[in-house]
Amino acid sequence: MNIVSTQGLTIDSAELREKAQHLFDELRTLTADESGVTREAFAKGEQVALDLLSAYARAHGLKCTTGGAGSLIVSLPNDDLTTPGLIVGSHADSVPQGGNFDGGAGLIAGLLCLIRLAIEGRSGGVPAGV
């Protein structure tokens with residue numbers, strides 16, 4: 001299914017799957033250890049994951065800020081974070097050898113949702129129909 005924005009940009013489900021696969025592959029490559037994938041909290045692995053997601057978000061025109069507790073907040077470009085909105089995400093760390101999807105699945109799903117909303121030309125706040 002193609003998603004067409006008011007600006008004439010399109011993205012389809014196959015392209016979103018490719019983006020997800022690319023992110024999961026990069027995340028695994030950057031945080032693999034000798035027996036799996038580990039992203040220790042408040043350490044290099046977690047920061048690498050956050051840096052990867054932040055760079056990918058910015059490359060797709062999204063805005064990245066840091067919350068009061070040090071959390072990465074990714075939002076639509078025009079969202080000033082003052083109106084009600086939806087929060088989607090997860091933790092960037094993992095249990096030892098927790099695997100690539102431990103935390104990563106929620107982070108990547110939320111990021112891809114924002115990329116789609118940005119392509120559709122949405123602004124901030126709660127999407128229509130929610």
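Angles under 35 degrees count as roughly parallel, those over 145 as roughly antiparallel, those from 65 to 115 as roughly perpendicular, and the rest as oblique. The structure is a predicted model, in which local features need pLDDT of at least 70 and side-chain atom pairs count only at pLDDT 80 or more, while totals for chains, interfaces and linings use all residues. Residues are numbered from 1 along each chain as its sequence is written, and side-chain values use heavy atoms, with hydrogens and water left out.

**View 1. Overall arrangement of the chain.** The chain has three helices and six strands, where helices (H or I, at least four residues) and strands (E, at least two) are DSSP runs numbered from the N terminus. Along the sequence, these elements follow the pattern β-β-α-β-β-α-β-β-α.

**View 2. Helices α2 and α3.** Two packed helices are described by the angle between their axes and the distance between the axes. Axes are lines fitted to C-alpha atoms, for helices over the stretch in contact, and angles run from 0 to 180 degrees between N-to-C directions. The axes of α2 and α3 come within 11 Å and cross at roughly 10 degrees; the two helices are therefore roughly parallel to each other. Leu 53, Tyr 56 and Ala 57 of α2 make the contact with Leu 107, Ile 108, Leu 111 and Ile 115 of α3, contact meaning heavy atoms within 4.5 Å. By class, this contact of α2 with α3 has seven nonpolar, no polar and no charged residues (Ala, Val, Leu, Ile, Met, Phe, Trp, Tyr, Cys and Pro count as nonpolar, Asp, Glu, Lys and Arg as charged, and the others, Gly among them, as polar).

**View 3. Helices α1 and α2.** Helix α1 (residues 13-31) and helix α2 (residues 44-59) have axes that come within 10 Å and cross at roughly 150 degrees, which means that α1 is roughly antiparallel to α2. Residues in the contact include Leu 23 and Leu 27 of α1 and Val 48 and Leu 52 of α2. The contact of α1 with α2 comprises eight nonpolar, three polar and two charged residues.

View 4. Strand β5 (residues 63-66) pairs with strand β6 (residues 72-75) in the antiparallel sense over four bridges; two strands pair if DSSP finds at least two bridges between them. Thr 66 stands opposite Leu 72 in β6. Five residues lie between the strands of this hairpin, and Gly 70 in the turn has a positive phi of about 90 degrees.
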